[in-house]
Amino acid sequence: MAKKRWVIPGALFCLAAFLVQGGCSRENRQASSLQIKGSDTMVNLGQAWAEAFMKKAPSVSVAVTGGGSGTGIAALLSKTCDIAELSRELKPEEIAMAKEKGFDPKQITVALDGLAVVVHPANPLSQLTMEQLADIFSGRVTNWKEIGGSDLPIVVLSREVNSGTHVYFKEHVLRGGDKESQAEFAANALMLPSSQAIADEVDQNPGAVGYYGMGYISPREKALAVAKDAASPYVQPTIDNVVSQAYPISRPLLMVTRGQPQGLVADFLGFVLSPEGQKIVVEIDFVPVKKI
Amino acid sequence: MTPNRLRKLKEWFIEKAILLSGVFSVVFVLLIFLFLLREGFSLFRGESVGDFLFGKSWYPISDPPRFGILPLIMGSLLVTLGAAAISVPIGIAAALFIAEIAPRRLKEGLKAGIELLAAIPSVVIGFIGMITLGPWIKNLFHIPTGLTALTGSVTLAFMAMPTIVSIAEDAITAVPRQYREAAVAMGATKWQTTWRIVARAARPGMVAAVMLGIGRVIGETMAVMMVTGNAAMIPSSILQPVRTLTATIAAEMGESVQGGAHYAALFAIGIVLFIITFLINGVADIYLHRSRR
């Protein structure tokens with residue numbers, strides 16, 4: 001049987017992988033290196049900061065990896081990274097676990113991100129209220145004609161639950177920030193593994209509606225203008241509107257450290273929040289914390 | 001020490017080293033299972049097994065969370081059955097053709113081609129499925145989205161095919177020549193010999209091939225996650241999106257709080273998957289042994 005032939009090499013491979021992994025993580029813990037881990041939304045941003053920072057301080061090495069906000073906080077707790085990047089705020093149980101490990105997690109807002117709600121360019125609608133969005137994404141409205149569009153079933157696209165974007169969208173759009181609300185994404189909402197996958201599906205599906213960070217907006221999808229309620233003006237997801245807080249679906253991007261940042265971690269955060277660091281935020285299509 | 005004793009000693013060492021490798025592989029499986037049990041069982045302190053297996057909603061990060069994996073089990077089964085319905089007839093027919101009918105040259109070419117199919121990484125197959133197959137299925141059936149169970153089934157059928165063809169082909173080739181000669185001597189045509197004698201004699205091997213192919217399909221993650229849409233609802237047709245057990249673990253493990261209920265629930269899904277594949281492999285093994293008799 002072919003299967004058995006692979007048992008011995010397989011076992012050796014596992015052993016080798018185990019040893020290599022152990023070796024690597026020890027190597028990475030040098031004094032002049034910085035490990036940053038977390039949100040996939042923020043990987044490119046973190047990478048750009050790291051490159052600029054290393055240009056200024058060549059003796060330092062900064063490594064940035066993704067995996068999701070939860071992965072980042074898990075790594076921060078197990079001390080395999082120095083800074084966790086989060087595209088959502090810490091959950092109470094995560095703060096409790098950090099306290100158990102003996103530190104107070106410090107959350108620092110390093111940039112803002114507007115979430116764009118996108119449809120196929122052929123969709124006649126170009127603006128919706130928050131309430132209509134909640135109806136669509138929780139499955140109370142299932143056809144575009146119910147909200148003034150063409151007669152086409154709505155295909156709801158969402159990010160997977162490992163995404164901070166998913167969590168933010170559920171809490172602020174579906175539940176309108178109401179902590180008591182039990183609203184959920186429609187059971188038939190498609191859960192896609194990446195923002196790019198959402199863009200790809202919207203590109204070729206006239207009935208689809210999805211959301212992603214505004215850095216992803218391209219001419220092949222149409223970003224909707226959103227109003228807080230029926231009485232408010234409809235606002236386009238642009239950098240200016242996010243900074244002025246006119247656009248209702250925007251969230252903070254955070255860096256979390258173990259306790260008050262010190263040494264290299266503090267240097268890096270200082271750079272991130274400096275005008276130079278915030279200029280990089282704009283280059284990567286996110287929104288700076290304050291107007292520059 | 002005489003050369004003879006030295007050789008014996010060497011032999012002893014090699015023998016024991018091989019024995020140790022064999023024992024280790026079993027120990028690894030046991031350790032994995034124990035690890036799964038340990039991590040997964042903490043879920044059942046706050047959740048009944050019935051609610052877990054037969055609960056209809058999967059909202060793991062809500063408050064309070066709901067961990068009902070019935071939609072996920074149905075999703076996995078639907079995709080797997082669909083993939084089997086496509087890959088088994090084609091795979092068995094291909095194996096019969098390669099083993100019995102194809103001339104030598106063609107046979108070698110086909111075998112190499114099918115083995116190459118097994119070498120394509122699943123993420124690549126998933127990518128092709130998402131970009132080309134999805135839109136095609138959407139337009140063909142006039143459905144709102146092409147990310148459906150059927151798309152997953154077709155994609156996975158490609159991945160099960162190499163396993164099914166190569167193991168079934170081995171089983172067919174292993175049918176003794178005398179069977180064929182006897183059949184021809186009795187006046188059977190080529191088709192009668194192939195279908196009534198050879199295929200029947202090789203049946204246990206073919207069943208094993210099918211089971212191992214299915215085992216591959218049910219455990220596949222990446223391709224399935226990319227093409228099935230991952231909506232956690234109980235599907236009423238194969239043209240609806242589904243979420244499978246494997247995709248759920250892969251998609252959610254990164255975000256779950258270590259040691260929390262969600263984390264335990266994902267490990268409990270792992271236990272369910274482990275049991276399913278264990279049963280499938282068990283059936284395949286039984287049939288393989290029967291074919292060797």
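Predicted model: local features only at pLDDT ≥ 70, side-chain atom pairs only at ≥ 80, totals over all residues.
1. Staying with chain B, its C-alpha trace spans about 70 × 70 × 30 Å along the principal axes. Of its 293 residues, 41% are buried. Among contacts in chain B with a separation of 6 or more, 74% join residues 24 or more positions apart.

2. Now to where the chains meet. Chain A brings 28 residues to the contact, and chain B brings 30 residues. On the chain A side, helices H2 (7-27), H4 (69-77) and H5 (92-100) and strand S7 (190-192) each supply at least two residues. H4(A) gives the most, with four residues. By class, that side of chain A has 14 nonpolar, ten polar and four charged residues.

3. One helix pair in chain A is worth a look in your viewer. Helix H3 (residues 43-56) and helix H11 (residues 275-283) of chain A pack at an angle of about 140 degrees, their axes 10 Å apart. H3(A) is therefore oblique to H11(A), since only angles over 145 degrees count as roughly antiparallel. The crossing of H3(A) and H11(A) is right-handed.

4. As for who touches whom in that pair, H3(A) contributes Leu45(A), Ala48(A), Trp49(A) and Ala52(A), while H11(A) contributes Gly277(A), Ile280(A), Val281(A) and Glu283(A). These residues divide into six nonpolar, one polar and one charged.

How values were computed. Residues numbered from 1 in each chain as written. Chains lettered and ligands numbered in written order. Contact = placed C-beta atoms within 7 Å. Nonpolar A, V, L, I, M, F, W, Y, C, P; charged D, E, K, R; others polar. Buried ≥ 20, exposed ≤ 12 C-beta atoms within 10 Å, placed from the backbone. Axes fitted to C-alpha atoms, helices over the stretch in contact; angles between N-to-C directions. Parallel < 35°, antiparallel > 145°, perpendicular 65-115°, else oblique. Left-handed = near helix turned anticlockwise from the far one by under 90°.
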